[in-house]
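Please look over the sequence and the structure shown here. The paragraphs after them go through some of the packing inside.

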Amino acid sequence: ASNPTIGAVDDTAFNVQTGNNERLRVDASGRVTTPSQPSFTAHKNGNQSVTAYVDNILTGWTCPSYGNVGSHFNTTNGRFTAPVTGYYLFTGAIQTNTQTSLHIAFHMNGSAYESDSWIDHGNSTLGAELTRIMYLTANQYVTLVMLPTVNQLANANRTRFQGHLLG
């Protein structure tokens, strides 16, 4: 590991680097950016069949080129693994193809987290969103889970999962 260095100290900004990689920048207006901060944004890469009254972990995700900083989100199994201990912000959004009740939750290490979202809808499609700040220790993982009341599909074009280390 290389020692951090201060670089580009001038009237416009200064930054902190390790090796040749910028880790933190403060511009002349005091705005702080951290380009290596662990984060991800993902959407389903296809519809997923889900079973009624079962916790269905949503799998099979796609991240845009900028969307998996640090590669801590596994697009195959749908797990975000915390690289460090801290507070993380997670959001999830699911759209289904049926008119029914829907429960979505974040699971941490395979168990339900303290809060969830339950939606009961009677129109053509159903959508639910969930946002939580979660405290994770290094190597704990989070998944987005769907528990429907009938067999249905998690639609690819409007199902999303995002996470970001707050600090």
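**Packing inside the model**

Gln-48 is buried, at 14% relative accessible area, where buried means under 20% relative accessible area, exposed over 50% and partly exposed in between, with a 1.4 Å probe and protein chains only. The model is predicted, so local features need pLDDT of at least 70 and side-chain atom pairs pLDDT 80 or more, while totals for chains, interfaces and linings use all residues. Residues are numbered from 1 along each chain as its sequence is written, and side-chain values use heavy atoms, leaving out hydrogens and water.

The side chain of Gln-48 reaches the backbone oxygen of Ile-57 at 3.1 Å and the backbone nitrogen of Thr-59 at 3.0 Å.

Elsewhere, the largest nonpolar core has 28 residues; such a core is a set of buried Ala, Val, Leu, Ile, Met, Phe, Trp, Tyr and Cys residues joined through side-chain atoms within 4.5 Å. Phe-90 and Phe-161 have the most contacts inside this core.

The structure holds 14 aromatic pairs. Rings of Phe, Tyr and Trp (its six-membered ring) pair if their centres lie within 6.5 Å, and planes under 30 degrees apart count as stacked, over 60 as edge-to-face and the rest as tilted. Phe-40 and Phe-161 are edge-to-face, because their ring centres are 5.0 Å apart and their planes stand at 80°. Phe-40 is buried at 3% relative accessibility, and Phe-161 is buried at 0%. Tyr-88 and Phe-90 form a stacked pair, with 6.2 Å between centres and 20° between planes.

Terms used
Polar contact = N/O pair within 3.5 Å; in protein donor to acceptor, adjacent residues only side chain to side chain.
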